[in-house]
Protein chains: 2
Amino acid sequence: MADEKGFTLWFTGLSGAGKTTISRIVEQELRARGSKVEVLDGDVVRENLSKGLGFSKEDRDTNIRRIAFVADLLSRNGVPVITAAISPYREIRDEARQLMGDRFIEVFVKASVEVCAERDVKGLYEKAFKGEIKEFTGVSDPYEPPLDPDLTLDTEHDSADEDAAQVLSLLEERQLIPAAQPA
Amino acid sequence: MADEKGFTLWFTGLSGAGKTTISRIVEQELRARGSKVEVLDGDVVRENLSKGLGFSKEDRDTNIRRIAFVADLLSRNGVPVITAAISPYREIRDEARQLMGDRFIEVFVKASVEVCAERDVKGLYEKAFKGEIKEFTGVSDPYEPPLDPDLTLDTEHDSADEDAAQVLSLLEERQLIPAAQPA
């Protein structure tokens, strides 16, 4: 793609909702179509840009602002970006939207606390319920769902592949990526 | 340029040596030739990625590692980057080189402490000599010059335009940017 269009798929949702899983499938499919893409995963960013920050509202906001700064740098240079951090606060997500304008695509990766806790992929919910982790989003810290996301993925009912397909359809509709070639 | 090549011009040198001035001229020239480019200036990065960090060796290293992380993300996606932070420690610059490999181009922006202090563009040297600023590179904090930079700019003798021209020549030689069109 000579004339690649930058955008930021901004995934938001609880820990265990499926952000990382779905973002990896979308990433693979974009690469398969010859597109560039960078995934800014919550854990990767904490390690490389935000070491030392905690989980207070202030520190979370700082972390999300850094992700938005980097996503903006990449996407304004034609690089598709997927961010996959919880990003619990509406106000800071809206800041990111203002920064990036039309390049910002908010994707609500939706699953209830109960379902995420049942999955408990990283064993974090058990610790949060026992009080061993403080400030855990959805348990002891707030999560503010998007009011008007570009896309909502119902990960309680859809498979990760189905959800990834919805993301790709939206990108095709907006002519941000080429359609898949027939096999 | 459909087939743009990413690289990172890593400027290093004392405060007042001319990093920002030269990087802005190079930036303008790259844009005039139709190239993308992002400048990661020391002050911009401190504001957006490293607020709260101080000037201890550890904090400086963290700041520089973040710049390298972002420069790598951009340059590996075909975006030319200019970093213009003091980056006083050799070891961390070498880490950045290892991360980016051939995409890393180290440019030593050279001027003595005496000359930088005479210029004292931001009035910082005066404060540093009075002890009002602690940990000031070249005065009360170390600066380790590159041992084998890709390019050394002698800003005590060259004009900023002459130095920028040297940078552009190097990029042309390495076929990283197209030659300037005759006017």
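**Notes on the predicted two-chain model**

1. Let me start with a helix pair: α1(A) and α7(A) are oblique to each other, as their angle is neither under 35 degrees (roughly parallel), nor over 145 (roughly antiparallel), nor 65 to 115 (roughly perpendicular). Helix α1 (residues 19-32) and helix α7 (residues 160-173) of chain A pack at about 55 degrees, with axes 9 Å apart. Axes here are lines fitted to C-alpha atoms, for helices over the stretch in contact, with angles from 0 to 180 degrees between N-to-C directions. Helices (H or I, at least four residues) and strands (E, at least two) are DSSP runs numbered from the N terminus.

2. Some housekeeping: this is a predicted model, in which local features need pLDDT of at least 70 and side-chain atom pairs count only at pLDDT 80 or more, while totals for chains, interfaces and linings use all residues. Residues are numbered from 1 along each chain as its sequence is written, chains are lettered from A and ligands numbered from 1 in the order in which they are written, and side-chain values use heavy atoms, leaving out hydrogens and water.

3. Which residues make the helix contact (heavy atoms within 4.5 Å) between α1(A) and α7(A)? From α1(A) they include A:I22, A:I25 and A:V26, and from α7(A) they include A:A164, A:V167 and A:L168.

4. Chain A has an open sheet of five parallel-paired strands, ordered β2-β3-β1-β4-β5; strands pair if DSSP finds at least two bridges between them. Strands β2 (38-41) and β5 (151-154) of chain A are at the edges with a single partner each, so one side of each has no neighbour in the sheet. Four bridges join the parallel β2(A) and β3(A), and A:E38 stands opposite A:V81 in β3(A).

5. In chain B, an open five-strand sheet with parallel pairing has the order β2-β3-β1-β4-β5. Strand β4 (residues 104-110) of chain B is joined to β5(B) by four bridges, and B:V109 faces B:L153 in β5(B). Helix α7 (residues 160-173) of chain B packs on the sheet, touching β1, β4 and β5 of chain B, and its direction makes about 165 degrees with that of β5(B).

6. Do have a look at A:N77, in the loop between α3 (57-75) and β3 (81-84) of chain A. Is A:N77 buried or exposed? With a relative accessible area of 5%, A:N77 is buried (under 20%; exposed is over 50%, partly exposed in between; 1.4 Å probe, protein chains only). The A:N77 side chain reaches the backbone oxygen of A:L73 at 2.8 Å, and A:N77 also touches B:K36, B:E38, B:L74 and B:V79, not counting residues up to four places away in sequence.

Conventions
Contact means heavy atoms within 4.5 Å. A polar contact is a pair of N or O atoms within 3.5 Å; within protein, one must be able to donate a hydrogen and the other to accept it, and residues adjacent in sequence count only if both atoms are side-chain atoms.
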